[in-house]
Amino acid sequence: MDKLLTFRTSLFSVQIHPGSLKINCLLILGTLVIAVLSLTTGSLWINPLEVITEIADPNKGQHTFVIETLRLPRVVLSFLVGGALAVSGLILQNLIRNPLASPDIIGVTSGASAAAVFFLSFLSGTLGTEWLPVAAIIGATITSLVIYLLAWRQGMSPIRLVLIGIGLAAGLGALTTFMIVLSPIATSMMAYVWLTGTVYGTDWQDVKALLPWILVLLPAAFLMARTINVQELGDQVAINLGVPLQQARFLLLAISVALAGAAVAYAGAIGFVGLIAPHIARQLVNRSFAALAPASMLIGGSLVIVADTIGRTAFLPLDVPAGVFVSAVGAPFFIYLLYRQHR
Amino acid sequence: MLRSFRSYQLLIALLMLATAFSASIVLGQTSISLKTAYQAFTQYDPTVIDHIIITTTRLSRALTAIFVGSALAVAGALMQALTRNPLASPGILGINAGALFGIVLSATLFSVASLQYYVWIAFTGAGIAGGMVYCLGAIGRDGLTPVKLVLAGAAITALFVSFTQGLLVVNQEGLDSILFWLAGSVAGRSLEIITPVLPFITLMLVASLLLGRHINILISGEDVARGLGQRTVMMKWLMGLIVVGLAGSAVAIAGNIAFVGLIVPHMARAMFGTDYRWMLPGCAMLGATLLLAADIMARFLIMPQEVPIGVMTALLGTPFFIFLARRGMTSGKKREVQYG
């Protein structure tokens with residue numbers, strides 16, 4: 001067995017397998033390549049070298065507008081959204097100890113969507129769309145609080161959490177459809193596109209608004225790494241080892257919800273990223289959270305970048321929402337993963 | 001003694017159904033007296049507006065609600081027996097979503113517009129989705145656990161819903177006409193449109209009623225059933241086919257109506273007990289009554305507009321599902337699913 005690299009301070013400790021570290025570095029490289037390729041493709045093809053020089057030294061080349069204003073914020077936002085959803089899913093899967101859990105399946109995403117559609121259909125006339133993210137995050141928070149309260153019965157059982165999440169998701173989905181039916185056709189189209197999950201028309205404003213969330217929440221998740229590893233061993237073991245279990249669960253759930261809510265707020269309900277990215281990460285690196293979290297984030301981010309690139313190039317001049325392609329690729333792949341894992 | 005008691009119960013259910021049916025005919029934006037309604041059937045007069053309203057919209061609407069409601073309720077009861085899972089229903093396990101996707105696909109890409117084709121397409125969609133959920137849920141060492149089945153259903157639902165959304169976003173003209181139907185609706189289906197499907201639903205309902213005795217044996221345990229000479233595999237396939245047929249045709253007529261298949265079997269079990277020979281007809285009647293009642297409420301809630309009936313049933317069904325999940329899963333706790 002290889003030696004583990006240990007980082008330990010009074011506040012937290014992580015152990016990383018050197019192999020996992022190597023793979024994480026490779027993943028960073030891969031993500032960068034994907035990002036550059038995504039910047040080159042589109043209705044206007046730009047040479048990759050030109051893209052790199054443009055990013056290194058802005059405002060020199062002839063494609064400044066296309067790259068800096070149109071494509072780069074979109075790619076960055078795709079990455080952030082994908083990364084946030086992936087880490088959110090990873091936390092949930094560890095927390096619930098179920099490989100099928102993810103923010104979209106247990107209802108957090110549908111809470112955010114319902115709130116956002118409510119906003120788009122009834123409030124967007126009085127308030128500007130910059131308030132949309134706030135609505136989505138509030139929706140996600142309320143939904144998860146309700147799920148959590150309903151699942152609480154002498155402590156929180158993960159399975160009850162999942163089942164109640166699914167039930168609420170179905171109810172909220174119906175409400176969302178209802179609001180779309182009621183609202184005039186122009187807003188209903190807007191709401192519908194948003195529901196599918198798209199990063200169309202992103203500008204730097206969106207990126208700047210999402211970034212603080214990610215920068216706070218991801219390190220917070222990382223700080224909890226040790227607790228996550230322990231609680232994965234089972235309730236009894238975790239309690240015996242001195243983990244304040246219910247407290248830790250609440251915190252982890254809060255982080256996961258906030259990540260998903262923030263992501264959904266800026267890109268709509270992109271499904272399946274939170275489900276499959278952690279699975280791919282688990283195939284690549286070893287099982288410690290400290291190695292899984294960055295890997296999941298990089299994979300989730302690349303996944304959304306790729307999906308969006310396909311979406312905006314495959315059916316030119318149509319711009320198909322990234323969410324459709326994530327599902328198209330994600331679902332079969334997920335089924336394959338399950339099949340292989342459980343054989 | 002017990003038998004006659006149950007007959008009375010069935011009679012009561014039938015009376016409830018009849019009441020709901022007549023209420024559905026007379027109540028609405030224009031209230032029509034029972035006498036006029038009766039005349040509309042016995043001595044139809046094409047110059048009386050109320051008569052026209054009844055024959056063109058109200059009657060077909062009530063009939064749609066009856067058939068769709070009983071189809072979904074019986075499908076749910078069969079699924080709960082088949083999977084031994086109190087949370088199973090066509091909506092939760094992704095069968096509705098599969099049928100819906102099939103229909104939206106054919107309507108937007110191949111511009112199919114006839115209900116008869118829709119029915120077959122909906123079957124295919126429902127069958128594919130049901131098969132996928134069953135296989136996904138059965139993967140793993142511990143076999144088909146209730147929780148895994150529900151999760152697999154949610155995953156497949158998410159998949160098909162997102163494909164449906166993608167299609168509608170790409171093909172925006174179709175959205176407006178299809179939206180109300182996505183939310184589930186029994187309105188605006190004229191008698192000529194639904195009649196081809198009705199014999200089929202009736203056939204499936206009768207078939208499921210005939211299976212009642214065999215289902216009783218099956219749910220007493222697979223080993224017992226095999227010991228008593230039942231061909232369990234064939235039986236399960238048959239039940240699966242009926243479920244897909246019922247749910248598929250219900251979605252083809254009325255779109256996505258959730259939770260009826262979940263709630264009604266529980267209500268029927270509380271009323272008629274677990275004997276499927278009595279419980280299944282009870283289910284059919286209660287399902288029809290529930291959908292009729294939901295449809296009447298949908299007309300009045302936000303007059304002059306209408307709430308899609310699928311939304312109504314979801315609003316009724318969500319608290320019920322949560323109640324079940326809170327109550328029922330304590331015994332399933334020791335079977336918590338672990339990573340492979």
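This is a predicted model: local features need pLDDT of at least 70, side-chain atom pairs count only at pLDDT 80 or more; totals for chains, interfaces and linings use all residues.
Reader: What describes the packing of α1(A) and α3(A)?

Author: Two packed helices are described by the angle between their axes and the distance between the axes. For helix α1 (residues 18-40) of chain A and helix α3 (residues 64-96) of chain A, that's an angle of about 145° with the axes 10 Å apart. The crossing of this pair is right-handed.

Reader: Which residues make that contact?

Author: From α1(A) you get A35(A), S38(A) and L39(A), and from α3(A) come I67(A), R71(A), L72(A), V75(A) and F79(A). They count as in contact because C-beta atoms, placed from the backbone, lie within 7 Å.

Reader: What makes one residue in the contact of α1(A) with α3(A) charged?

Author: Arg counts as charged, so R71(A) takes that label. The contact also has six nonpolar residues and one polar.

Reader: Over to chain B: how many helices and strands does chain B have?

Author: Chain B has 14 helices and zero strands.

Reader: What makes a residue in chain B count as buried, and how many percent do?

Author: A residue is buried if 20 or more other C-beta atoms lie within 10 Å of its own. Of the 340 residues in chain B, 51% are buried.

Notes. Residues are numbered from 1 along each chain as its sequence is written. Chains are lettered from A and ligands numbered from 1 in the order in which they are written. Axes are lines fitted to C-alpha atoms, for helices over the stretch in contact, and angles run from 0 to 180 degrees between N-to-C directions. Helices (H or I, at least four residues) and strands (E, at least two) are DSSP runs, numbered from the N terminus. A crossing is left-handed if the near helix is turned anticlockwise from the far one by less than a right angle, and right-handed if clockwise. Two residues are in contact if their C-beta atoms, placed from the backbone, lie within 7 Å. A residue is buried if 20 or more other C-beta atoms lie within 10 Å of its own, exposed if 12 or fewer, and partly exposed in between; C-beta atoms are placed from the backbone.
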